[in-house]
Amino acid sequence: QVQLVESGGGLVQPGGSLRLSCAASGSVYSILAMGWYRQAPGKERKLVAQITNGDIINYGDGVKGRFMISGDNAKNTVYLQMNNLQPEDTAVYYCHFLLSERPLTQGRYWGQGTQVTVSS
């Protein structure tokens with residue numbers, strides 16, 4: 001089994017910064033991609049940023065230039081540095097791993113979600 005544990009959410013004023021982290025533990029054989037999604041109340045879950053095992057990075061709408069994703073494969077951990085946060089960034093942030101627990105398999109795994117609230 002694989003478990004994902006997130007940390008780093010909270011309340012921040014507009015223009016502030018937060019850093020999220022998410023570590024995968026358990027039977028991780030290889031990681032294909034790591035990323036972050038967010039879901040605001042009443043809205044669908046959307047991609048924030050993703051990094052593949054080939055270091056290809058994709059950002060969702062509205063975050064490029066403010067957010068930066070990075071990964072540490074040795075620690076099975078993905079980070080999201082969020083700068084210049086705005087009220088529209090308020091959402092529950094979920095980490096997401098596409099990984100294999102054994103050769104020739106892959107599965108999608110989600111973190112428990114961490115609340116990010118941007119308000120003055």
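The legends below describe close-up views of a predicted model.

Local features need pLDDT of at least 70 and side-chain atom pairs count only at pLDDT 80 or more, while totals for chains, interfaces and linings use all residues. Residues are numbered from 1 along each chain as its sequence is written, and side-chain values use heavy atoms, with hydrogens and water left out.

**View 1. The one aromatic pair of the structure.** Tyrosine 37 and tryptophan 110 are arranged edge-to-face, with 5.1 Å centre to centre and 65° between the planes. (Rings of Phe, Tyr and Trp, the last by its six-membered ring, pair if their centres lie within 6.5 Å; planes under 30 degrees apart are stacked, over 60 edge-to-face, the rest tilted.) Tyrosine 37 belongs to strand S4 (residues 30-39) and tryptophan 110 to strand S10 (residues 107-110), so the pair ties together parts 73 residues apart in sequence. Strands are DSSP runs of E, at least two residues, numbered from the N terminus.

**View 2. Arginines over tyrosine faces.** Arginine 19 lies over the face of tyrosine 79, at 4.1 Å from the ring centre. For arginine 45 over tyrosine 94, the distance from the ring centre is 3.7 Å. (The criterion is NZ of Lys or CZ of Arg within 6 Å of the ring centre and within 35 degrees of the ring normal.)

**View 3. An open sheet of four strands.** The order is S1-S3-S8-S7, with antiparallel pairing; two strands pair if DSSP finds at least two bridges between them. Strand S1 (2-7) and strand S7 (67-72) are the edge strands, each pairing on one side only.

**View 4. Strands S1 and S3.** Six bridges join S1 to strand S3 (residues 18-26), and the two run antiparallel. Valine 2 stands opposite glycine 26 in S3.
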